[in-house]
Amino acid sequence: MTQFESSLRRGLMDANLAQYERVLQNADAAEVNFSPAYLRERMRLLADPWGWMRRQELAGPRRRTRLNWRLIAIVAALLLLSACAVAAVTGQFSQWFPGIWMNPKAPEASEEIVSRMGTVIGEPQTVDGATVTLNAAVWDGQELRLSLTADIPDLPEDFDLESLYDLECRLGLAEDQREAYLRKKIARIHADSHIDSTEEEREELVRADLEDPYEPFRTSFFRAARQEDGTLILQGMTALFDYVEDPELTLHIENLATYKVEEGDNDDTPRIHISQIDPDGTVTTDQELNEPFLKGPFDFTFTLDNKLSPISYAGDIDATYENIPLRVSKITVMAFQVCADVDLLALLDPTGEDPDKLHISLEQNLAMSLNGLWTKDGEYVECLGGTAFSVDENGNADGEMRGNPVHVIDPAQVTAVSIGGKRVELSGLTRLNQ
């Protein structure tokens with residue numbers, strides 16, 4: 001299976017999951033409605049108490065002010081030590097990341113889980129009157145999520161939250177970390193895709209990727225999560241594996257824009273736009289763009305301090321569903337997702353035209369998926385997802401089951417998963433990482 005096929009398979013499954021997102025997101029009505037200005041100021045204080053105090057002193061009257069620095073030092077130390085705890089208590093991460101599915105029955109527990117993989121950043125930048133603040137990052141060891149707040153003068157009230165043109169935005173890894181990251185990334189893709197390659201061939205791919213400024217994060221990943229009172233909450237998301245320690249990243253934002261909505265478009269139907277950027281920097285898109293609402297450029301550099309690492313288990317699990325013979329060899333539990341590596345023990349005909357080969361319907365695909373999990377406290381958490389197979393020229397198939405829990409989970413608390421309705425105890429498998 002090629003890298004393109006692997007990416008396509010993952011993209012198709014993400015598209016399946018996306019249709020349920022609006023249904024599963026819980027309203028924020030039960031939370032205290034702090035003003036955006038208050039939340040931003042509190043975030044800046046928590047992220048940098050010393051800097052916040054210095055800014056307050058400089059902003060005051062031009063006279064010598066006596067400050068109790070001993071008291072401030074104590075307060076600053078307490079704030080820094082408890083920043084994530086305070087965020088959990090006040091629901092700060094749920095405000096920054098409205099797209100994260102929190103447990104409505106135990107929101108404090110969800111906040112605590114997210115805070116353990118969260119890095120508070122709180123850096124504002126202003127360009128041409130627009131202020132963008134990179135609030136925080138959340139990292140589960142495989143997927144990175146970013147939260148940004150944009151205060152934009154004269155932001156249209158009918159702003160299209162569905163799709164954004166973000167091709168000129170990018171995320172970069174520090175130069176002294178890129179090579180090691182790309183080497184592990186290519187080795188993993190080849191291993192997962194069963195590609196036979198020599199070390200020399202993989203090194204050639206690494207050298208080629210090092211010449212591409214968009215590697216290892218080529219995917220456009222911005223979406224608008226919420227708009228309120230001239231303030232836009234932006235979310236960024238991309239794959240980021242824990243191949244290097246304490247990754248240092250630079251986020252570049254430039255010419256972020258919306259697509260023009262054509263008359264007669266159905267607002268209830270997600271719109272897919274095809275855009276690309278050529279090696280010479282020429283941008284082409286299938287639809288006309290509105291004037292960028294964030295021209296920038298904005299550049300934020302930050303280091304990820306926290307992550308909630310995935311936990312993987314290996315085994316030989318019979319997961320046959322009805323007449324479909326399956327074998328699961330690996331299960332990986334993450335905060336936002338559970339994955340299982342699957343082999344199909346039958347020849348597959350995706351067209352259904354060959355009666356001697358197995359045909360899997362959409363209904364069967366959804367039913368055989370990784371559709372739930374159990375935690376140590378006995379809670380059953382439903383997962384939404386499906387199974388995607390890659391088929392070689394002989395009809396042999398392997399693939400991946402993916403399920404998104406209906407709320408964020410702690411991987412260490414998961415004891416069993418449901419595959420096609422069958423409960424699989426993780427204690428009976430071999431844990432691969434400690």
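1. Arg-116 is partly exposed at 33% relative accessible area (buried is under 20%, exposed over 50%, partly exposed in between, with a 1.4 Å probe and protein chains only). Its salt-bridge partner is Asp-410, at 2.9 Å from N to O (the rule being a side-chain nitrogen of Lys or Arg within 4 Å of a carboxyl oxygen of Asp or Glu). Asp-410 counts as buried, at 11% relative accessibility. Arg-116 sits in helix H8 (residues 107-116) and Asp-410 in the loop between strand S18 (397-405) and strand S19 (414-419), so this pair ties together parts that are 294 residues apart in sequence. Helices (H or I, at least four residues) and strands (E, at least two) are DSSP runs, numbered from the N terminus.

2. Before going on, keep in mind that this is a predicted model: local features need pLDDT of at least 70, side-chain atom pairs count only at pLDDT 80 or more, and totals for chains, interfaces and linings use all residues. Numbering runs from 1 along each chain as its sequence is written, and side-chain values use heavy atoms, with hydrogens and water left out.

3. Back to the charges: the salt-bridge count comes to 13. Arg-327 pairs with Asp-343, the closest N and O atoms being 3.9 Å apart. Arg-327 is in strand S14 (residues 326-333) and Asp-343 in strand S15 (residues 338-344), so the two link parts that are 16 residues apart in sequence. Arg-327 is partly exposed at 34%, and Asp-343 is partly exposed at 24%.

4. Arg-423 and Glu-425 also form a salt bridge, with their closest N and O atoms 2.6 Å apart. Arg-423 is partly exposed, at 40% relative accessible area, and Glu-425 is partly exposed at 35%. For a network of salt bridges, look at Glu-179, Arg-183, Glu-203 and Arg-207.

5. Glu-199, Glu-200, Glu-201 and Glu-204 make up a negative surface patch. Patch members have over 30% relative accessible area and no salt bridge, and like charges are joined within 9 Å; the place of a Glu charge is taken as CD, and Asp and Glu count as negative. Areas come from the Shrake-Rupley method with a 1.4 Å probe. Glu-201 belongs to helix H10 (residues 199-210) and is partly exposed at 42%.

6. On to the aromatics: there are seven aromatic pairs (ring centres within 6.5 Å; planes under 30 degrees apart are stacked, over 60 edge-to-face, the rest tilted). Phe-93 and Phe-97 have ring centres 6.4 Å apart and planes at 15°, so they count as stacked. Phe-93 and Phe-97 are both buried.

7. Tyr-165 and Tyr-259 pair edge-to-face, 6.4 Å centre to centre with 85° between the planes. Tyr-165 is in strand S4 (residues 164-165) and Tyr-259 in the loop between strand S9 (257-258) and strand S10 (275-277), so this contact ties together parts that are 94 residues apart in sequence. Both tyrosines, Tyr-165 and Tyr-259, are buried. Tyr-181, Phe-217, Phe-241 and Tyr-243 form one aromatic cluster.

8. Some backbone spots to look at. The peptide bond from Gly-296 to Pro-297 is cis, with omega near 5°, and Pro-297 lies in the loop between strand S11 (283-285) and strand S12 (298-303). Asp-154 has a positive phi, near 60°; Asp-154 is in the loop between strand S3 (143-151) and S4 and is exposed at 76%. Asn-255 has a positive phi too, near 50°, in the loop between strand S8 (248-253) and S9.

Conventions
Patches are made of residues with over 30% relative accessible area and no salt bridge: like charges are joined within 9 Å, nonpolar side chains (Val, Leu, Ile, Met, Phe, Trp, Tyr) within 5 Å. Rings of Phe, Tyr and Trp (its six-membered ring) pair if their centres lie within 6.5 Å; planes under 30 degrees apart count as stacked, over 60 as edge-to-face and the rest as tilted.
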